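Here's a quick tour for anyone opening this entry for the first time. Have a look at the sequence and the 3D view, then read on.

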Amino acid sequence: MSVSVKDNPSFELMEQFGHQTLVFCNDNAVGLKAIIAIHDTTLGPAIGGVRMLPYQRMEEAMDDVLRLSRGMTYKAAVAGINAGGGNAVIIGDHRTQKSEVLLRRFGQFVEQLNGRFIASLDIGTTPKDMECLQMETNHVAGLPKSLGGSGDSSPFTAQGVYYGIKAALKELYGNDGLAGRTIAVQGAGNVGEQLIALLREENAKVYVSDIVEERMAEVANKYRAVAVANNNIYELDVDVYSPCALGGTVNKETIAKMRCRIIAGSANNQLRDEREDSQLLMEKKILYAPDYLINAGGLISCYSELAGYSASRTAALTENIYEATRSVLRKSLSENVAPYQAANQIAETRIADMRKIKQ
Ligand code: NAD
């Protein structure tokens, strides 16, 4: 009788998601429990964030690491960079359980992968933490600027989203000017604030919401944007709804209320159900700029660090998001497929092509 992957839930998930490698890292002495997932390295080493969260169930950590690493493969492929997809999760509360020894021990596990995985920033980790990892491995990106790294990636993420918005406007209206356009930004965090700054510089009318009221008021005042209650943001009659807070905000319930013409923002996994929600958006003629395509600025910033960080090179690579978004939206319209499917097809074709010359 042969062994079936069904005997092992991890193998079953790896088969389902198409992963190459899954590494469980454990060290009782320092209290480290982490998972590194390498999805695909056809295009290059797998770059991925290190997320530190107090997952309550193992399934949640596995689900996060597998989905995020696969997402990185697609993000890198469609952004045209030579990187594969990976991700890591450290199970624990970054506010109370993060320590130098824990991070350095994790760095040793990264080192054992010999450069197949390059660790970078995600929720719960900072450029300073990457400095700790670097004491044990060179396979790290997102280091502080003072160490020649790219530092905080959010300015480039915001820049990429700005290009994504402009590309979608161009597709829909024939011109990408922002003056007088109305844009509702959900989430006035690192990316949201910098995006609002870019939009206001070109005289777009901006609405902003955030669950932290003081933050919303501060950003609204600073950039002369209009603060709106979070629950009301979906109903605004605007050109663009830009989700820059958290995933899953585009779903059956919110789409029913939406009056925007375009959705383009930085949050990962914006569609709660890719197939169903895309279909609803197409029926409502709302143009969706795929999240992983237009929020690739952060990944591009880490990637450019590997060849010796240069802000101008990173900016140039980020600017490509404009043309990449236009190609995806044109393909979506001409082939009558959802934009996320068009983006997936472009990514999969690039990976399949490169596989031919990499074997
Ligand atoms: P952040 O934590 O700095 O900002 C998020 C903001 O959203 C905070 O101000 C928070 O109060 C607000 N928020 C949380 N829940 C909300 C809700 N339900 N409604 C309204 N506001 C809410 O994060 P960030 O770095 O600005 O990233 C924003 C989003 O973009 C995240 O989903 C992140 O995963 C994604 N992203 C960020 C980067 C990057 O480079 N920072 C790269 C790719 C994707």
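Which residue just after α5 takes a positive phi? That's Gly 174, with a phi of about 85°. Keep in mind that everything here comes from a predicted model.

## Helix α5

Let's back up to the helix itself. α5 covers residues 154–173, which makes 20 residues. From its first C-alpha to its last it reaches 28 Å, close to the 28 Å expected at 1.5 Å a residue.

## Around the ligand

Now for the ligand. There are 20 residues around it, and the ones that come nearest are Thr 157, Val 191, Asp 210, Asn 230 and Ser 266. Sorted by class, this shell has 8 nonpolar, 11 polar and 1 charged residues.

## Polar contacts and cover

A nitrogen atom of the ligand sits 2.7 Å from an N or O atom in the side chain of Asn 230.

Taken alone, the ligand exposes 830 Å², and the protein buries 74% of that. As for the elements giving two or more residues to the shell, they are α5 and α6 (190–201).

Technical notes. Residues numbered from 1 in each chain as written. Predicted model: local features only at pLDDT ≥ 70, side-chain atom pairs only at ≥ 80, totals over all residues. Heavy atoms only, no water. Helix = DSSP H or I, 4+ residues; strand = E, 2+ residues; numbered from the N terminus. Expected span 1.5 Å × (residues − 1). Near = heavy atom within 4 Å. Polar contact = N/O pair within 3.5 Å; in protein donor to acceptor, adjacent residues only side chain to side chain. Areas by Shrake-Rupley, 256 points an atom, 1.4 Å probe, with all protein chains shown as cover. Nonpolar A, V, L, I, M, F, W, Y, C, P; charged D, E, K, R; others polar.
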